[in-house]
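Please read it alongside the sequence and the model shown here.

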Amino acid sequence: MKDAFIAADFGGSSGRVIAGCFTGNQLELNEIHRFKNGPVSMGGSVFWDFPYLFSELKTGLHKAILQGYNILSIGIDTWGVDFGLIDKNGQLISNPYCYRDPATLHYPDRFFESVNKNEHYSINGTQVLPINTLFRLMAIRDNSPWMLDAAEHLLFTPDLLAFFLTGVPVNEYCIASTSELLNATSRTWDTQLIEACGFPRKIFGKIIQPGTITGYLTPDILDEIGTQRKIPVIAVASHDTASAVFAVNRGDSSEAFLSSGTWSLLGALIDCPVLSEEAMAAGFTNEGAADYKIKFLQNITGLWILQRLINLWEKEGTFSGYDELIADAAKSTCKAIIDVDSPEFSNPSNMQAAIVSHCRNNGSDVPHTPADFVMTVCRSLANRYKLGIDALNSLLPSPIKKLVIMGGGSKNSLLTDLTAQATGLEVVTGPVEATAIGNILMQAKVHGIDIKQISTN
């Protein structure tokens with residue numbers, strides 16, 4: 001049998017179970033299982049299908065056993081903000097709401113009718129977005145208070161998956177920091193805010209740091225996946241961006257990162273949160289990172305827009321393949337520009353029509369062909385990244401000199417080239433599997449491996 005660390009990496013459109021094995025100082029990755037993911041609209045709300053996701057996780061673990069891997073440990077990372085509520089019997093009260101559910105859209109305005117924005121940011125240091133956990137809890141409190149009444153634990157998505165593997169409820173720091181409910185300086189729950197909002201204090205559990213063993217697979221899970229070995233689940237930097245950053249940046253302040261996927265997360269790794277009015281006005285958030293550091297970043301709409309366009313073209317039967325589409329787009333002369341962060345691109349029924357409407361309403365050139373639409377999205381993203389870099393330079397003590405693009409978006413050569421042109425920076429692409437690599441490296445660190453010596457190329 002081959003020793004392996006298992007990374008369960010869940011994204012908004014797909015999930016993977018990946019085995020990481022070390023041969024000397026070389027890390028080798030093997031994708032064991034891949035599955036689709038996506039929001040499910042039901043009864044006027046938008047959810048994640050958690051039972052399906054948990055089932056696919058177990059399928060991936062079972063496949064790893066069948067393929068002869070000796071699982072040393074398991075780490076789970078996912079997107080941020082979303083959570084499930086667990087009752088006193090250890091049961092999931094409801095499928096978790098998806099951050100694209102519209103019920104929270106007006107809650108930030110309501111919240112700041114009675115709360116001073118500057119004072120709030122000086123404590124929480126979070127970019128105010130309707131998707132944040134704070135506003136979802138407010139919507140549940142107002143519309144389904146029985147859920148909070150019945151809840152014993154609030155568990156973010158990676159914590160929730162780990163709970164049903166181990167039976168142990170914990171809140172990992174990096175993922176909890178996406179909630180807008182943490183004190184950014186103390187790295188603990190903002191209990192004053194929690195009580196002021198009328199949320200039950202008991203549901204906010206112990207916060208643990210990345211690198212903590214949270215528990216071991218229960219006997220039932222071991223039976224399902226086909227082993228009796230004692231397997232620990234390790235809390236990695238469980239927000240996927242935090243794991244990706246752990247893989248590529250250990251603290252170079254002149255280097256910015258861009259985690260490019262469904263979302264674009266653009267920022268730098270720093271030691272202490274930046275809680276100034278200027279940081280708040282620029283839309284920066286202070287999220288937790290491994291080694292007690294802070295990811296100082298902006299959440300920017302990313303390749304979600306392009307993903308939705310491709311989904312549309314696939315249904316129409318006009319999609320010719322990703323590489324060919326990017327090559328055609330590089331030849332497009334369309335000059336259209338869109339505001340990628342505009343709410344109209346959050347979840348339209350037809351992304352192509354939404355782009356056309358936006359361009360016409362703003363006096364921009366209008367794209368016509370698939371190549372035009374892709375060029376429009378990539379150029380608009382690159383321009384938005386320049387604004388983000390400019391804002392970073394105005395807030396950090398030294399300027400950014402280099403940008404590392406990691407994640408699935410690093411394969412988009414057009415976006416990389418346009419970003420280099422727009423920002424004027426040295427732009428390099430990190431590993432496509434940065435998140436899985438960071439996940440596995442954290443597990444390896446817990447097992448005593450000197451990860452500074454590990455090559456991930």
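R384 is buried, with a relative accessible area of 15%; buried means under 20% relative accessible area, exposed over 50%, and partly exposed in between (1.4 Å probe, protein chains only). The model is predicted: local features need pLDDT of at least 70 and side-chain atom pairs count only at pLDDT 80 or more, while totals for chains, interfaces and linings use all residues. Residues are numbered from 1 along each chain as its sequence is written, and side-chain values use heavy atoms, with hydrogens and water left out.

R384 forms a salt bridge with D341, and the closest N and O atoms are 2.8 Å apart; a salt bridge is a side-chain nitrogen of Lys or Arg within 4 Å of a carboxyl oxygen of Asp or Glu. Because R384 lies in helix α15 and D341 in the loop between α13 (322-329) and α14 (351-361), the pair ties together parts that are 43 residues apart in sequence. D341 is partly exposed, at 31% relative accessible area. Of the 26 residues of α15, 19 are buried, so this helix is largely enclosed by the rest of the structure. Helices (H or I, at least four residues) and strands (E, at least two) are DSSP runs, numbered from the N terminus.

## Other salt bridges

By this rule, the count comes to 13 salt bridges. One of them joins the side chains of D271 and K293 at 2.5 Å, N to O. This pair links distant parts of the chain, 22 residues apart: D271 is in the loop between β16 (263-270) and α11 (277-281), and K293 is in the loop between β17 (285-288) and β18 (294-301). K293 counts as buried, with 19% relative accessibility.

D142 and R141 also form a salt bridge, with their closest N and O atoms 2.9 Å apart. D142 is partly exposed at 39% relative accessibility, and R141 is partly exposed at 25%.

## The chain as a whole

The secondary structure comes to 17 helices and 20 strands. Of the 457 residues, 58% count as buried. The C-alpha atoms fill a box of roughly 60 × 55 × 50 Å, taken along the principal axes.

Among contacts (heavy atoms within 4.5 Å) between residues at least 6 apart in sequence, 71% join residues at least 24 apart.
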